[in-house]
Amino acid sequence: MKKRWGILFTAASLSMIIAGCTPGGPTGGSGEAEGDQTVIRVSWWGSDERHNMTTEAIALFEEKNPDIRVEPEYTGFDSYWERLTTQAAGSNLPDVIQMDTSKLEQYISSDLVLDLNSLIEDGSINLEDVDDVYQEMNIKDGGTFAISSGANAFSTLYNEALFEKYDLQLEPGYTYDDLYEAMDTVSQGEGDGAWGFDFVKAEYEAFTHYARQFDQHFYNEDGTLGFENETLVNFLEMEKNMIDNGVSTPHDVTVEINDSGESMIANREAAMAVGASNGVIGIQPMSEDPIGVNVLPVAEGATSPGDWIRPSMSWSISANSDKHEAAAKFVDFMTNDIEGNEILMAERGVPISSKVREHLLDQVDESVAKTFEFLEVVGERAGESEPLPPPGEAEVRASFNRMLEAVKYGDMTPEEGVETFRSEAEQILG
């Protein structure tokens with residue numbers, strides 16, 4: 001696996017030009033000490049809002065740590081990973097890397113990120129106020145390879161005005177049958193151009209949650225597929241039944257809305273949709289109606305709710321950095337510093353420190369406060385975290401989405417789709 005990832009880095013480095021300026025500064029930097037200062041490079045992806053908040057927090061960090069200077073490197077999500085691939089090929093990764101859970105296993109298996117256990121044990125990174133459930137996905141074989149910079153959970157988001165209009169009550173523990181009945185009420189009541197439920201092209205995550213209810217996972221710890229064919233067939237049949245009966249949005253409508261950047265629940269074209277809990281923060285400004293957050297339904301015969309708390313993103317420290325102490329101070333600051341988090345305002349997700357959450361709760365706006373409250377609900381229901389996705393996860397996801405489209409359009413039966421997908425996925429995963 002390490003050899004395969006190394007080849008990937010090498011190929012990428014040959015196909016990219018390592019030069020010039022990009023958003024957030026140069027692609028590299030010496031990171032050498034300047035006078036009495038230690039210089040660390042910190043990279044992240046995100047919106048202009050995130051860039052502004054983070055650079056303001058960095059200024060505060062430097063004020064509190066005058067012996068450290070931070071060189072920021074930031075860009076959009078896609079170009080971010082291309083740049084890191086190039087930097088890894090040249091052994092020039094930033095000291096601190098904003099990490100996505102889907103990429104973490106690749107970086108661990110290639111020895112690119114540091115095991116942070118020693119820095120946690122000596123207090124350089126303080127996790128005393130962090131419940132394990134917020135950190136479990138960043139642990140592999142006993143090593144801690146990232147610190148969550150904010151948490152979320154998979155959820156349903158819903159238009160509170162439509163729920164009030166049709167007197168809908170879906171309390172945690174509601175079933176898929178309850179969901180169908182409630183969403184059918186909305187689709188019939190609103191008429192043409194509106195549906196009850198929208199899967200928002202997030203079936204990959206929705207199925208992961210569904211499988212967990214039967215003590216199965218999308219991936220096993222060893223990177224193989226961890227679910228039974230029948231489980232995925234049942235999920236596909238459930239979704240197709242909702243679409244065919246007008247309860248959920250047709251595939252072409254979902255694609256059109258997603259490509260436009262709009263939201264069906266914000267536009268009152270659907271009452272409920274699946275998504276990450278912190279999605280409410282982005283959707284609320286689009287809507288004249290209040291948007292709520294709820295758990296997903298429970299399937300018939302389920303053995304658990306299927307919920308888990310996951311990092312929305314995390315901080316890792318480069319294994320080839322020689323500034324571990326300074327890098328750890330930065331990660332600790334972003335995790336625990338009250339003033340710093342007053343600047344960041346939970347933009348990366350619900351803070352993992354209970355002290356920070358409690359401090360910010362009455363300062364954040366209403367949609368952010370809903371994510372805080374939702375994670376408290378999920379925390380009481382959550383099971384063990386998902387195993388880290390293996391290298392090749394992006395290709396498996398693409399195969400899953402191709403299969404899903406074929407099933408939705410009737411080009412394959414659910415059984416045929418699952419057989420085809422499993423064959424492709426197993427070939428990808430080797």
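## Helices and the position of E56

Helices here are DSSP runs of H or I with at least four residues, numbered from the N terminus. In this predicted model, E56 lies in helix α2, which covers residues 48-64. With a relative accessibility of 48%, E56 counts as partly exposed, because that class lies between the 20% limit for buried and the 50% limit for exposed residues.

The C-alpha atoms of E56 and I343 are 7.2 Å apart in space, although 287 residues separate E56 from I343 in sequence.

## Helix α16

Helix α16 consists of 16 residues and spans residues 393-408. From its first C-alpha to its last, α16 reaches 22 Å, close to the 22 Å expected at 1.5 Å a residue. After α16 comes G410, which has a positive phi, near 80°.

The buried residues of α16 are E393, V396, S399, F400, M403, L404, A406, V407 and K408. An α-helix has 3.6 residues a turn, so residues three or four places apart point the same way. The buried residues of α16 pack against α4 (101-109), α8, α9 (229-244), α10 (251-260) and α17.

## The pairing of α16 and α17

Two packed helices are described by the angle between their axes and the distance between the axes. For α16 and α17 (residues 414-429), the axes come within 9 Å and cross at roughly 165°. Angles over 145 degrees count as roughly antiparallel, and α16 and α17 are therefore roughly antiparallel to each other. Their crossing is right-handed.

On the α16 side, the contact is made by E395, V396, S399, F400, R402, M403 and V407. On the α17 side, P414, G417, V418, F421, E424, A425, I428 and L429 take part. By class, this contact has 10 nonpolar, 2 polar and 3 charged residues.

## The crossing of α8 and α16

Helix α8 comprises residues 203-212, and its axis comes within 10 Å of that of α16, with a crossing at roughly 95°. Since angles of 65 to 115 degrees count as roughly perpendicular, α8 and α16 are therefore roughly perpendicular to each other.

In this contact, E203, Y204, E205 and F207 of α8 meet E393, R397, F400, L404 and K408 of α16. The classes here are 4 nonpolar, no polar and 5 charged residues.

How values were computed: Residues numbered from 1 in each chain as written. Predicted model: local features only at pLDDT ≥ 70, side-chain atom pairs only at ≥ 80, totals over all residues. Heavy atoms only, no water. Axes fitted to C-alpha atoms, helices over the stretch in contact; angles between N-to-C directions. Helix = DSSP H or I, 4+ residues; strand = E, 2+ residues; numbered from the N terminus. Parallel < 35°, antiparallel > 145°, perpendicular 65-115°, else oblique. Left-handed = near helix turned anticlockwise from the far one by under 90°. Contact = heavy atoms within 4.5 Å. Nonpolar A, V, L, I, M, F, W, Y, C, P; charged D, E, K, R; others polar. Expected span 1.5 Å × (residues − 1). Buried < 20%, exposed > 50% of the residue type's maximum accessible area, 1.4 Å probe, protein only.
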